[in-house]
Amino acid sequence: MAAESVEEENKLTLYSYWRSSCSFRLRIALNLKSISYDYKSVNLLKGEQSHPEFLKLNPVGFVPVLVDGPVVLTDSFAIIMYLEDKYPHRHPLLPNDILKRAINFQAANIVSSLIQPLQNLSVLNYIAEKVGPDEKLPWAQTVIRKGFTALEKLLKDHTGRYATGDEVFLADVFLAPQLYSAFTRFKIHTDEFPILSRLYATYNDIPAFREALPENQPDAVH
């Protein structure tokens, strides 16, 4: 009981932006684990991620940032693993089966390393400046399709109701925001990727995912 009370001493603070997919995945993880937090908006379009106050928290100038008392963490993957270690009994995000764990890590890494960084705001702005504004969407679509093709092959023999079976795990936490972004923002057609499209539909039925949606955040612009 003492350990549990120590866990609850610090109210977490999440620095987030409503349309950030990295923040989106962290919000899902927090919701799945039923961890309450204070939400602080960092408006990326207004450049608030470059303000000196924010750079003290994250010198890279990205969201999300999670503050847990004296602990400041700045990478969504690292933060989610921190939460998994700190709250292991609250909706575990990794299966016990070692192959399923590996598939979860692989899927998460495809999203976090091979797709999202190449189609984030800073990269798209660079493409617009150096190549032309009309090239932003084709670039993003190319990156997304390459990653989604790999994910379809990876998950083909492992899916159940969700990415790696009938329970929500780490892969789902990373997939849901990327699928949302691809299908609603970057105009990828759902019929191009049947496995991912089916998973995307199931995520909409999960309260923890729905509550984390960009349009449900306090800084959302409708």
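## A lysine in a loop

Let's start with K187, which lies in the loop between helix 8 (170–184) and helix 9 (194–203). Helices here are DSSP runs of H or I with at least four residues, strands are E runs of at least two, and both are numbered from the N terminus. The phi angle of K187 is near 60°, a positive value in a residue other than glycine. K187 has a relative accessible area of 57%, so it counts as exposed. As for the cut-offs, buried means under 20% relative accessible area, exposed means over 50%, and partly exposed is in between (1.4 Å probe, protein chains only).

## How to read the model

The model is predicted: local features need pLDDT of at least 70, side-chain atom pairs count only at pLDDT 80 or more, and totals for chains, interfaces and linings use all residues. Residues are numbered from 1 along each chain as its sequence is written, and side-chain values use heavy atoms, leaving out hydrogens and water.

You can find H91 in the loop between helix 4 (76–86) and helix 5 (98–115). Its relative accessibility is 29%, so H91 counts as partly exposed.

Now look for P64, in the loop between helix 3 (52–57) and strand 3 (65–68). The peptide bond that joins V63 and P64 is cis, with omega about 5°.

## Aromatic rings in pairs

How many aromatic pairs does the structure hold? There are nine. Rings of Phe, Tyr and Trp (its six-membered ring) pair if their centres lie within 6.5 Å; planes under 30 degrees apart count as stacked, over 60 as edge-to-face, and the rest as tilted. One of the pairs is Y17 with W18, edge-to-face, at 6.3 Å centre to centre with 65° between the planes. Y17 is buried at 7% relative accessibility, and W18 is buried at 12%.

Another edge-to-face pair is F148 with F183, at 6.2 Å centre to centre and 65° between the planes. This pair links distant parts of the chain: F148 is in helix 7 (residues 136–155) and F183 is in helix 8, 35 residues apart. F148 is buried at 0% relative accessibility, and F183 is buried at 13%. Together with F193 and Y200, F148 and F183 form one aromatic cluster.

## A charge over a ring

Back at W18, the charged end of R19 sits over the ring, 5.7 Å from its centre. This label applies if NZ of Lys or CZ of Arg is within 6 Å of the ring centre and within 35 degrees of the ring normal.
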